[in-house]
Amino acid sequence: MSPGHDLAEHDLADHDLAVVGAGPAGLAAATCAAGLGLDVVLLDEQAAPGGRVYRNIEGLAETRPCDLEALWARYRAGLSLTASFRASGARYQPETAVWMIEADGTLGLRDAAGASLLSARRVVVATGAMERAVPIPGWTLPGVMTVGAAQTLLKASALVPETPPVIAGSGPLVLLYAAQLLAIGGAIGGILDTTPPGNRVKALPRLPGLLGHLGALRQGLGWQRAIEAAGVPVFKGAREIEAMGDGRVEAVEFLSGGRRRRIETRLLLLHEGVVPDHHLAMSADCA
């Protein structure tokens with residue numbers, strides 16, 4: 001097509017900007033762009049804004065304010081972000097999956113009504129991150145799930161495990177979920193910290209960079225203090241983790257401190273960090 005023809009099609013776009021993903025970044029982008037006078041549409045698979053970080057934040061504030069207060073300041077901060085977006089004038093299209101982005105700004109959508117196309121002069125992909133699942137022996141047993149899935153159930157439905165779970169893995173979400181579960185009245189059977197001991201030494205040269213993120217550092221230390229205050233056993237350098245059971249998980253075995261250990265549990269939660277959810281960006285040939 002000629003450049004003139006491309007421009008004409010571009011001018012006929014449905015919106016100035018389409019934002020894919022209603023997590024913190026997508027909400028901020030849509031709110032900012034709408035404030036600058038652009039015609040913005042925000043597309044998201046979930047039924048309400050907030051993404052994975054602020055999942056069900058509005059519903060929780062309305063129906064379970066006591067639980068909201070217990071889930072730490074980092075989560076509660078999502079209320080102001082969603083409120084600003086709601087007031088921005090940006091169009092919101094929830095429960096909509098984006099399965100295609102073409103070079104001319106055409107997006108392939110699917111919602112309850114079926115498949116459709118939408119066009120935009122510019123597209124912002126803000127699909128965030130997804131939990132990284134790392135297989136271990138026995139991980140397909142009923143009663144083994146990810147920390148992120150357990151946190152989703154906690155936020156969306158206030159579901160607290162009937163029996164104290166064992167959490168195995170590494171990363172901030174392990175500490176955050178543990179602190180949230182304790183704050184809402186749950187208990188934890190143990191935390192198997194899989195962080196290699198050498199990683200702490202490797203991180204030392206990066207400590208000066210924390211000076212610009214003291215708030216995040218204080219939050220992380222607060223989560224750790226809550227776990228320690230609850231007397232949750234934490235096993236450092238855990239490895240060779242196995243979920244054991246006949247028909248469902250009944251125990252977890254692991255190596256820590258040079259000893260083979262076993263904890264009886266009916267719920268094992270796994271987490272080894274997050275990775276970018278880049279599938280849509282890759283389909284659009286983004287670098």
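**Figure 1. Burial and overall make-up of the predicted model.** Of the 287 residues of the protein, 40% count as buried. The model is predicted, with an average pLDDT of 90 for the protein and a score of at least 70 for 95% of the residues. Over residues 1-9 the pLDDT is below 50, and this stretch has 3 contacts in the model beyond near neighbours in sequence. The secondary structure comprises 11 helices and 16 strands. Along the principal axes, the C-alpha atoms fill a box of roughly 70 × 45 × 35 Å. Among contacts with a separation of 6 or more, 62% join residues 24 or more positions apart.

Figure 2. Val20 stands opposite Val125 in strand 6.

**Figure 3. The largest nonpolar core.** This core has 26 residues, of which Tyr75, Ile167, Tyr177, Ile188, Ile191 and Leu269 touch the most other members. Two or more residues come from each of helix 3 (57-63), helix 7 (147-157), helix 8 (172-183) and helix 10 (214-229). Helix 8 gives the most to this core, with 8 residues. With neighbours within four places in sequence left aside, Tyr177 is in contact with Val147, Ala150, Gln151, Leu154, Pro161, Ile167 and Leu269. Another core, of 16 residues, lies apart from the largest one; among its members are Val144, Val166, Ala168 and Ala243.

**Figure 4. Strand 15 and its parallel partners.** Strand 15 (residues 268-272) is largely enclosed by the rest of the structure, because 4 of its 5 residues are buried. Strand 8 (residues 144-146) pairs with strand 15 in the parallel sense over 3 bridges. In this pairing, Met145 stands opposite Leu269 in strand 15. Leu269 is also one of the residues that touch the most other members of the largest nonpolar core. Strand 9 (residues 166-170) likewise pairs with strand 15 in the parallel sense, over 5 bridges. Gly169 has His271 of strand 15 as its bridge partner.

Figure 5. Strand 13 and strand 14 run antiparallel and are joined by 6 bridges. Ala251 stands opposite Glu264 in strand 14.

**Figure 6. The aromatic pairs.** A search of the whole structure finds 2 aromatic pairs. Phe85 and Tyr92 form an edge-to-face pair, 5.6 Å centre to centre, with 85 degrees between the planes. Phe85 counts as buried because its relative accessibility is 2%. Tyr92, at 18% relative accessibility, also counts as buried, since the cut-off is under 20%. Phe235 and Phe254 form a pair that is edge-to-face as well, 5.1 Å centre to centre, with 65 degrees between the planes. Phe235 lies in strand 11 (residues 234-235) and Phe254 in strand 13 (residues 251-256), so this pair ties together parts that are 19 residues apart in sequence. Phe235 is buried, with a relative accessible area of 17%, and Phe254 counts as buried at 0% relative accessibility.

Conventions
Residues are numbered from 1 along each chain as its sequence is written. This is a predicted model: local features need pLDDT of at least 70, side-chain atom pairs count only at pLDDT 80 or more; totals for chains, interfaces and linings use all residues. Side-chain values use heavy atoms; hydrogens and water are left out. Rings of Phe, Tyr and Trp (its six-membered ring) pair if their centres lie within 6.5 Å; planes under 30 degrees apart count as stacked, over 60 as edge-to-face and the rest as tilted. Buried means under 20% relative accessible area, exposed over 50%, partly exposed in between (1.4 Å probe, protein chains only). pLDDT is the predictor's confidence in each residue, from 0 to 100. Contact means heavy atoms within 4.5 Å. A nonpolar core is a set of buried Ala, Val, Leu, Ile, Met, Phe, Trp, Tyr and Cys residues joined through side-chain atoms within 4.5 Å. Two strands pair if DSSP finds at least two bridges between them.
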